[in-house]
Amino acid sequence: MTTRVEPTWLDDLDPQVLDQAVRRLASCAHDGGRIVLAAHVGPDGDALGAALALHVALSRLGARTVPTVGEEPLKVPAPLADLPGVRDLVTPSSLPDPVDVDLLVTLDAASPARLGSISRLLDAGVPTIVVDHHASSTAFGDLRLVAPRAAATVLIVDELLHRLEVPLTVELATCLYVGLVTDTGRFGHASTDRAAMEFGGRLIEAGVEHAELTRRLYGTSSLGELRLLGRALDRLSFVPDVSLVHTHLTAEELERTGTGIEATEALIDVVRTADVAEVALVCKPAPDGTWRASLRSHGSVDVGAIAESLGGGGHAFAAGFTADGTVDEVVAGVVDALRRA
């Protein structure tokens, strides 16, 4: 079996805070406490995999866990719909009152805004552990486990589970692997390091069906998703002076193709392959009438900083934000931010 090597990103965390977080999770689970596990809105594989892994593990330790995403309707991208624990997801309107929540754990959310309606638990003063790997993470929560050098949030979750002495089952490994493979771009992003590769090896050793997961994540699309892709690619525009390629979809197009915003998550990874552009932008219509904007960079532009300047956050290579207004106004805001960068 592969030896578990202490990762270098662990130096990003305060050892005392890490110990406190482990003790608080263990104590809450031992006492049968209620723990809300919140992934960020528009959940990707890392956010959802991290939340569901903690849900599966902590519930086995005795906690009453409530996995959730702060948006309604709560829709999970099709490739993630079979993850262990996904059917236990609770809509924000069905969450218990804040006075009945013992602990909130936020996963992969760089700011309270990324928690959507779950942020009301923060406002109510529920004790909160933040587990994240975004360099632009906003300071919130009581105990912050933020490791910008970790390739994915699931690596930090794995460290917590290790210190809680939770055995790495196939169920847990599946949730963690989906987070790892999606946030490292199938181990292709610059953030992929030895720790990420070794982690992937341990997960495969634990029994992850990685070939089937890869097929489900990257090799399967509905007809509606393919039609959306065609519409978005037909609408591509290029802004030469800031090397930006961008496109968008409309709510009417989602309705016409029988899809939802969750069907658009992979679009940015196609748009980013444009050989003329350094930065890619995709604007997607959210159910609340706002735009969800995804940004990607090939490396010379820090899109995390661009997104942060527009109220969002993320990494140097991948980031996002939410915006009001017309799509032309959203694009103009990004172009302006790129010109000022």
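At what angle do helix α4 and helix α5 pack, and how far apart are their axes? Please keep that question in mind while we look at this structure, which is a predicted model.

The answer is that α4, residues 153–163, and α5, residues 170–183, pack at an angle of about 150°, with their axes 9 Å apart. Since angles over 145 degrees count as roughly antiparallel, α4 and α5 are therefore roughly antiparallel to each other. On the α4 side the contact is made by V154, L155, V157, D158 and L161, while α5 contributes L172, C175, L176, G179 and L180.

Nine of its 11 residues are buried, so the helix is largely enclosed by the rest of the structure. The buried residues run T153, V154, L155, I156, V157, D158, E159, L160 and L161, and after the helix comes E165, whose phi is positive, near 60°.

A disulfide is a covalent bond between the sulfur atoms of two cysteines. For C28, the closest cysteine sulfur is in C175, and because the two sulfurs are 20 Å apart, they are too far for a bond. C28 has a relative accessibility of 10%, so this cysteine counts as buried, and C283 is buried as well, with a relative accessible area of 0%.

Turning to the strands, we come to an open sheet in which six strands follow the order β6-β7-β8-β9-β11-β10, with mixed pairing. At the edges are β6, residues 237–239, and β10, residues 313–314, each of which pairs on one side only. Strands of a sheet pair through backbone hydrogen bonds, either parallel or antiparallel. Within this sheet, β8, residues 279–285, and β9, residues 291–297, run antiparallel and are joined by seven bridges; as one example, A280 has R296 of β9 as its bridge partner.

Finally, I would like to show you R235, which lies in the loop between α8, residues 223–234, and β6. Is R235 buried or exposed? R235 has a relative accessible area of 17%, and because buried means under 20%, this arginine is buried. Leaving aside neighbours within four places in sequence, R235 is in contact with H246, T247, H248, L249, T250 and E253.

Methods
Residues are numbered from 1 along each chain as its sequence is written. This is a predicted model: local features need pLDDT of at least 70, side-chain atom pairs count only at pLDDT 80 or more; totals for chains, interfaces and linings use all residues. Side-chain values use heavy atoms; hydrogens and water are left out. Buried means under 20% relative accessible area, exposed over 50%, partly exposed in between (1.4 Å probe, protein chains only). Helices (H or I, at least four residues) and strands (E, at least two) are DSSP runs, numbered from the N terminus. Axes are lines fitted to C-alpha atoms, for helices over the stretch in contact, and angles run from 0 to 180 degrees between N-to-C directions. Angles under 35 degrees count as roughly parallel, over 145 as roughly antiparallel, 65 to 115 as roughly perpendicular and the rest as oblique. Contact means heavy atoms within 4.5 Å. A disulfide is a pair of cysteine sulfur atoms within 2.5 Å. Two strands pair if DSSP finds at least two bridges between them.
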